[in-house]
Each structure stands twice: as C-alpha cells, then as structure tokens.
Amino acid sequence: MGDLPPAPSARRRAARTRWKMLVPRTRRHKGALAGLGIVLALAGVAVFDNILAPASPTRINIVVALQAPSQAHPMGTDQYGRDIYSRVIHGAGISLSIGLISVGIAASVGTVVGLVAGYYGGVIDGLLMRVIDVMLAFPGILLALGIVSVLGPSLRNLMIAVGIAAIPFYARLVRSSVLVAKEQLYVEAARVVGVSVPIILVRHILPNVAAPIIVAATLGMAGAILSAAALSFIGLGSQPPTPEWGRMLSEGRDYLRDAWWISTFPGLAIMLTVLGVNMLGDGLRDVLDPRLRI
Amino acid sequence: MIRYISTRLLATVPVVFGVTLAVFSMLYLIPGDPVKMMLSEFATSPEQIATMRAQLHLNEPFAEQYGRFVWSAARGDLGRSIRDRRPVTAEIVELLPATAALAVAALAFSAALGITLGIVAAVRQNSWWDLGSMMVALVGVSMPSFWLGLILIFIFSLRLGWLPAAGGGGALHLLMPAFALGLGASAIIARLTRSSMLDVLRMEYINTARAKGLAGRSVVLRHGLLNALIPIITIFGLQFGSLLAGTVIIETVFGRPGIGRLLVAAILNKDFPLVQGVVLFVAVFYVLINLVVDVVYAVVDPRIRYG
C-alpha cells in the first residue's frame, strides 16, 4: 500500500495547503519580509513619483548644474542642473516595469514552450529543445546584446531583448517539471476520460509547476533589472533624457572626480532594488519549494 | 571515455550550426533594409548601396548566402568591418588576449573568494560566519558590476591614486576590472560551495575520517572540499561564459581595449559584419569551453561517463 502514489484528492489538498501556508510562512521568514518591504516601498515610490519628486526629472537648469547634495537638492544636481533625487524617484517605475515586463515575456513564452515540449515529447520536444540549446549557447548578456543590436537601442526593445534572452531558463524549468507531472495518475485519468490537452496542461499540470515558476520569476526579475541597467549603461537601452538608473550612471561617469553624487545615487538605487527582489525570491524559494534551495 | 567524448562532441555540432544560422539571420531580422541602416550615417548614392549589397552578397538566395557564411567562417574568414575595412578575424585576434586575460583573472578571483566564503559558511553552519558570508554573497550578486567599477575608480584611482583608472596594460590595470567583473560570480560560487560542502560533510566517510583521529582541517579540506568541488566544476564553464560576456560592460567602464568594447562600438556604429563576427566567435568559443568542462567533469567523476 505504501508504494501507491497518493490519491489525487490528497495531492490536491497538499498543493492547496502549500498555498495556504504561503502567507504565514512568509511572515516568519525575515529575509523574505525585508525583501517584500523593499519591493513594496519601491512600488509605492513608483506609483506616487509625481507627488514624491520635488522637481521635474527632465527640467534643465544650467544655473544650478553640478551642485553637491544640499537641502534644496538632497542628492545634488547633474551637469544639466537636473535634480538627481527627482530623477532617481522617477527611475523606480522604469526599473520595476523593465523587470516586470521582461520577466513577463520570458516566463509566459518559456512556460508555453516548456509545457508543450514536456507534454508532447518526441519530435516537437526535440525541435523546441534544440532551439533552446542554441539560445543557451550565447552566454550571459550576449543574447540580449545581439537582439538589441538587431532591433535598435530603445527602452521598449531593451525589455523585449532581456525578455527573449531569459526564455530558455523558464522553458527548461517547466519542461522538467512537466515530465514528472504528466506521469501522475490523475493526469492519466483526465486523459482517459477525454479531457482536452489544453485543459490538462492548464488545469492539471500547470498548478504543479507554478511554485518553481514563481520563485524563478522573482529571482529572474533581479537579473533582468541588472541586465537592463547594464545595457542602458553602455548606451544600448533607454535614451536621454529618460531618468533610467543605468543611463544616469553612465552620464555621471565623466564627472566622477568632481561630482561623485551623479553616479552614486542611481547605483545605490539599482543595488537596493535588486537586493530587495533577490531577498524576496530567496525567501519565496525557502517557503514554496525547499528542494530548490542551494 | 573516448565514447563519451565523441558523443559529447557530436552533440555540439547541431548547436554550432544553430548558432551560425542565428547569427547569420541577424541581417534578415533587422527591420527594413540592412544596407541602408548600416550606411544611414553616410551620404550614399544608389550606386554605392548597390555595390554594398553586391559586396555582402545580399542579392543571392538565402541558402547560398548562408552556405558561404558558414564555409568562410569555418576557414576563419568572418568578413570585413564596414567602418575600417579590416578583416573581422584580425580585429578579434588582436584584442582576444586582453579580454581573455580579464575573464581568466575574474574567474580566478571569483573562484578564490567564492570557494573560501562557501567553506567558511559550511563549516560554521548557522553561525555569524555563515550569515556574514552569505550576506556578502547576497550583496555581491545584487551589485551592478559597472557601478562597482566606478566606485573602485573613484576610490583607488581618483582619491588614493594607487591604480590606473583606465586603459589596458600590465597586471595593475587588471586588478580593478577583474574584481568588479568577478564579484557577482564569486557570490554564485560561494552559495554553491556552501551547499555542496554541507552535503559532503554529512557523508559517512567524513565521520570515518574524524573517527580515525584526523585533524579537523585535514578532514574538511582533503576529504570534504575535494569531493565538494566536483559539482562546482560544472558552474565554472557557465560562469566563464557570463564573465566573457560581462567584459562588454567592464571594458567600457574601464576603457580597456578588448573584444567586449569592440562589440559595443560595432553595435553603436551599426557595423553588422563586425557584430556578427564577434557574437559568433564568443558563442562558439563558449560552446567549446563547455565541452571541455564536461570532459573534465567526466574525468573527475566516473559516474558521469558510465551513467
């Protein structure tokens, strides 16, 4: 008896319990709470940026150019006299949306590819996985770089490029989970009684792979924000005068000696954001899927 | 062993072909006419555009062009740069040593720091040492390399005047770029080393080694670390690839000559043959490195060969 897989109802209940436990367990996880706090605070800044920012992020005022941090300008001003504090605040929304949109692209396309490849197997799986292998042959930031070079540098193309470059990660993750899930008795039962494939994939298999996808997407958002900022830094992402943090850093580079504040505060903002998202992701991993813990 | 290597070698052939196809198709994926885009900053006559199309063989059928591209690339001919008309291969060969030195130095630094942090954290699990090491790793993985680079330049070049801020050259020029590039990788290696060490330290043979009276350090380093390192080998290939691609950013920050900066300049100049050449070169190089890593892994761990 002990070797039999648990009944579908029992497995469902286990899955439901896991989700129900999400909130209380996260509440006890200090790292996750701190990460969540940072992310929520940033989201708040992004939503209320017009209220929080004392000045326009793009208004040029040469009279006050290159001023050190003071009461009037808490983070100083840049070479055009723009208020860096206001620019950093407006940058929060840009960075968070870059993270959300590119991860959205990567996770949705990757999940569909992984579901289809894992469920159908055979030739479809072979073909899709060869494409994924080729994408993985471009290391690190190189794939996103190649895509941006084709599409042309802009904020929108940056999100697309970073999103496409992360697809293989989700496709492989979902595929391997599907390979396990599709052998379960309740999936076979659904197939036998004639449930259509899309319904099986979405209702019976997807819930089983949701936890690792959520964890990967959260940690992936940290990576996406970093890559996007790096590409903007070298001039292949957002274009001036957008108050994007990576771009601001590169604009402050030439003034490093006399005006350290221009590149210090945007850098701090990127690090704080990525740190918060990473802490949240690590926490979610501990709570949702202890097997993934490294 | 030979069988394992040949199987692995065969598996890379379709990947390399896929890579060439992807890189070649870049020209076709550009929205609009690639020649007009490449020449957009110059005043050009229709004749010049026609000449350029002919030079790039853009009037031939796709399959023929692709065949020519692969055949030339296999012989080491990656075409010519549009800007300075130099062979792309020559530019890469010229700049490869500087970039390779940076990537290798960054990998060496990240391995040294990452493995040390990982061991400390695992041996003193759940202590302040463990917490501290993992905090360093968390900050390391969250730190933008280009920002770290600027901070280093500000402190060690502009304020203290100890290290050169920019340019290529000797070992002194390598210190800050290698640190800025490698810190992120060291964080990943630290986490992996910690978990691998924790797994190994729970093994029976560790207990045996301790029971027969070996000194703690010897048990941890000789019995523990050597076995814990096996899974870490695989991540070296992956990390080396990321570091190689990361030179694009770091070489820009430090104004170092190298393949990364060459690629950025090529993209900004819309010099497509040069972009394609560099991207193809780095990807194929990376595939080959992973092949070597897999073989090394199989040599160290026989379970892989026979599994």
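**Ground rules**

I number residues from 1 along each chain as its sequence is written, and I letter chains from A and number ligands from 1 in the order in which they are written. Since the model is predicted, local features need pLDDT of at least 70 and side-chain atom pairs count only at pLDDT 80 or more, while totals for chains, interfaces and linings use all residues.

**Chain A overall**

I looked up the secondary structure of chain A and got 13 helices and zero strands. Helices here are DSSP runs of H or I with at least four residues, strands are E runs of at least two, and both are numbered from the N terminus. The C-alpha atoms of chain A fill a box of roughly 80 × 45 × 30 Å along the principal axes.

Next I checked burial: 47% of the 294 residues in chain A are buried. A residue is buried if 20 or more other C-beta atoms lie within 10 Å of its own, exposed if 12 or fewer, and partly exposed in between, with C-beta atoms placed from the backbone. For contacts in chain A with a separation of 6 or more, 70% come from residues 24 or more positions apart. I call two residues in contact if their C-beta atoms, placed from the backbone, lie within 7 Å.

**Where A meets B**

I found 34 residues of chain A in contact with 40 residues of chain B. On the chain A side, the elements that give two or more residues are α6 (122-136), α7 (142-151), α11 (197-233) and α13 (261-288). α13(A) gives the most, with seven residues. Sorted by class, the chain A side has 23 nonpolar, seven polar and four charged residues. For the classes, Ala, Val, Leu, Ile, Met, Phe, Trp, Tyr, Cys and Pro are nonpolar, Asp, Glu, Lys and Arg are charged, and the others, Gly among them, are polar.

**The core**

I then went for the largest nonpolar core, which has 162 residues. Such a core is a set of buried Ala, Val, Leu, Ile, Met, Phe, Trp, Tyr and Cys residues joined through C-beta atoms within 7 Å. The residues with the most contacts inside this core are A:A144, A:Y170, A:I225, B:V278 and B:A283. α11(A) supplies the largest share, 19 residues. I followed up B:A283: leaving out residues up to four places away in sequence, B:A283 touches A:A137, A:F138, A:L142 and B:V19.

**Two helix pairs in chain B**

The axes are lines fitted to C-alpha atoms, for helices over the stretch in contact, and angles run from 0 to 180 degrees between N-to-C directions. α5(B) passes α10(B) in a right-handed crossing. That handedness has the near helix turned clockwise from the far one by less than a right angle, and anticlockwise is left-handed. Among the contact residues I noted B:L102, B:A106 and B:I119 of α5(B) and B:F240, B:L243 and B:I250 of α10(B). By class, the contact of α5(B) with α10(B) has 12 nonpolar, four polar and no charged residues.

I also took α7 (145-159) and α8 (171-201) of chain B, whose axes come within 9 Å and cross at roughly 145°. The crossing of α7(B) past α8(B) is right-handed. The α7(B) side includes B:L148, B:L152 and B:F156, and the α8(B) side includes B:M176, B:F179 and B:L183. Their contact has nine nonpolar, three polar and no charged residues.

I spotted a cis peptide bond joining A:P240 and A:P241, with omega about 5°. A:P241 sits in the loop between α11 and α12 (245-252) of chain A.

A:L66 has a phi near 55°, positive though the residue is not glycine. A:L66 lies in the loop between α4 (49-52) and α5 (84-120) of chain A and is partly exposed, with 16 other C-beta atoms within 10 Å.

B:N126 also has a positive phi, about 65°, and is not a glycine. B:N126 is in the loop between α5 and α6 (128-142) of chain B, and its 8 C-beta neighbours inside 10 Å make it exposed.

**One last residue**

I finished with B:A73, in helix α4 (62-74) of chain B. B:A73 is buried, with 22 C-beta neighbours inside 10 Å. B:A73 and B:G277 are 204 residues apart in sequence but 8.6 Å apart in space, C-alpha to C-alpha. Beyond four places in sequence, B:A73 contacts B:T20, B:L78 and B:L280.
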